[in-house]
Amino acid sequence: MRILVTGAAGFIGGNYVLFRLENYPGDTIVSLDKLTYAGNLENLASVMDDPRHQFVKGDIADSNLVEELFDAQDKRFDAVINFAAESHVDRSIDNPDIFLKTNTFGAFTLLEAVRRHGAGMFIQVSTDEVYGSLGLDDPSFTETTTIDPSSPYSASKASADFMALSYYRTYQIPVIVTRCSNNYGSYQFPEKLIPLFINNLLNDKQVPIYGSGENTRDWIHVRDHCGAINLILEKGKSGDVYNIGGQCEKKNIEIADHLIEMMGKDKSMKKFVTDRPGHDFRYSMDISKMESELGWRPAVKFEDGLKETVDWYKNNRAWLEKVTSGAYRGYYDKMYKNR
Ligand SMILES: NC(=O)c1ccc[n+]([C@@H]2O[C@H](COP(=O)([O-])OP(=O)(O)OC[C@H]3O[C@@H](n4cnc5c(N)ncnc54)[C@H](O)[C@@H]3O)[C@@H](O)[C@H]2O)c1
């Protein structure tokens with residue numbers, strides 16, 4: 001397959017590119033990424049010289065650039081997978097503007113390019129957050145749960161989902177929307193809960209816990225998310241939505257406790273801080289459609305995946321230090337200045 005992967009220098013997009021090229025050696029991938037603060041080209045270092053992979057720096061919301069990129073291809077893409085996004089809820093509360101531009105207008109720009117040039121499939125990578133918040137005893141989100149986003153982040157993602165599905169109905173463009181729960185694993189920017197906690201604990205700093213720490217998320221290892229997307233690409237039904245989840249609900253405080261124990265630290269490393277405004281209480285995914293239609297289930301056990309993730313961050317202190325100091329931003333110049 002020839003695949004356009006957007007947001008490829010980010011956490012999930014980067015893992016996806018590496019995972020796909022490793023498991024599908026006949027594929028070629030064009031990676032498109034704006035390299036915002038969350039985009040780190042070092043995540044793709046192992047495939048930067050691979051002839052099956054091409055990196056393009058650019059904004060998915062830049063219609064001229066996207067048009068040129070599609071024009072430059074000899075053949076149409078077999079798949080366009082849109083991971084590119086502003087993805088941090090806290091940042092969306094401070095500055096919603098860029099979330100609308102990238103997450104909604106960016107998805108629209110890609111859809112327009114697919115409308116004009118065609119593509120085998122457009123996958124809009126979305127999130128469980130579009131469904132809003134659950135109470136403790138509410139049933140899990142299904143694909144038909146009402147869309148009820150709480151934050152500018154989830155509202156901008158929900159808008160993109162609707163736009164993508166409208167392109168299927170109106171223009172018969174092959175589109176699938178995937179909605180996944182909270183991912184964890186290697187290469188995640190340390191502003192998100194698990195790598196933030198690991199980084200703090202590695203540096204003997206307390207881990208900040210919003211409110212009372214009771215907020216609950218369904219955790220999935222990034223490899224399982226990537227595997228689910230591959231299966232959906234192969235066998236998913238155009239025009240449909242698929243929920244992907246880890247079947248592993250944990251309170252934030254439980255995550256803190258797991259990591260503190262795993263990393264041999266003391267309970268006093270927990271610090272309770274003022275809650276996030278509009279903080280969704282609980283997310284929970286019903287994955288029965290993935291199970292019954294595609295025979296998919298998450299494979300990575302949380303304890304194993306978390307241990308592997310802690311080990312990855314311990315073994316990649318240089319990556320972590322460059323990300324926290326900002327030094328990773330020089331990598332693009334190093335790779336491309338003389339090319
Ligand atoms: N992280 C999660 O737990 C999770 C869960 C479900 C869904 N998702 C979705 O998966 C996708 C990837 O999430 P992530 O955690 O890897 O995010 P991330 O923030 O780590 O990476 C996002 C990437 O997109 C790039 N980007 C941002 N704006 C861009 C633009 N305008 N044009 C091109 N590239 C741009 C960034 O440079 C970065 O490389 C997002 O769409 C997110 O909504 C994430």
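**Exercise 1. Find which element supplies the largest share of the shell around the ligand, and describe that shell.**

Solution. The largest share comes from α1, with three residues. Helices (H or I, at least four residues) and strands (E, at least two) are DSSP runs, numbered from the N terminus. The model is predicted: local features need pLDDT of at least 70, side-chain atom pairs count only at pLDDT 80 or more, and totals for chains, interfaces and linings use all residues. Residue numbers start from 1 along each chain as its sequence is written.

Next, count the shell. The ligand is surrounded by 30 residues. The closest are Gly7, Gly10, Ala38, Gly39 and Ala85.

Then look at the elements. At least two shell residues each come from α1 (11–23), α4 (97–117), β5 (122–127) and β7 (182–184).

**Exercise 2. State the strand order of the open sheet of seven strands, and find its edges.**

Solution. Read across the sheet: β3-β2-β1-β4-β5-β6-β10, with parallel pairing. Two strands pair if DSSP finds at least two bridges between them. β3 (53–57) and β10 (241–244) are the edges. Each has a single partner strand, so one side of each lacks a neighbour in the sheet. From one strand to the next, the twist averages 20 degrees. Angles run from 0 to 180 degrees between N-to-C directions, and axes are lines fitted to C-alpha atoms, for helices over the stretch in contact.

Now zoom in on one pair. β1 (residues 2–6) and β4 (residues 79–82) run parallel, joined by four bridges. Opposite Thr6 stands Asn82 in β4.

**Exercise 3. Describe the open sheet of three strands.**

Solution. The order is β7-β9-β11, and the pairing is mixed. β7 and β11 (249–251) stand at the edges. Each has a single partner strand, so one side of each is left without a neighbour in the sheet. Neighbouring strands are turned by 50 degrees against each other on average, direction ignored.

Take β9 (residues 216–221) and β11. Three bridges pair them in the antiparallel sense. Asp218 stands opposite Glu249 in β11.

Notes
A residue is near a molecule or strand if its C-beta atom, placed from the backbone, lies within 6 Å of it.
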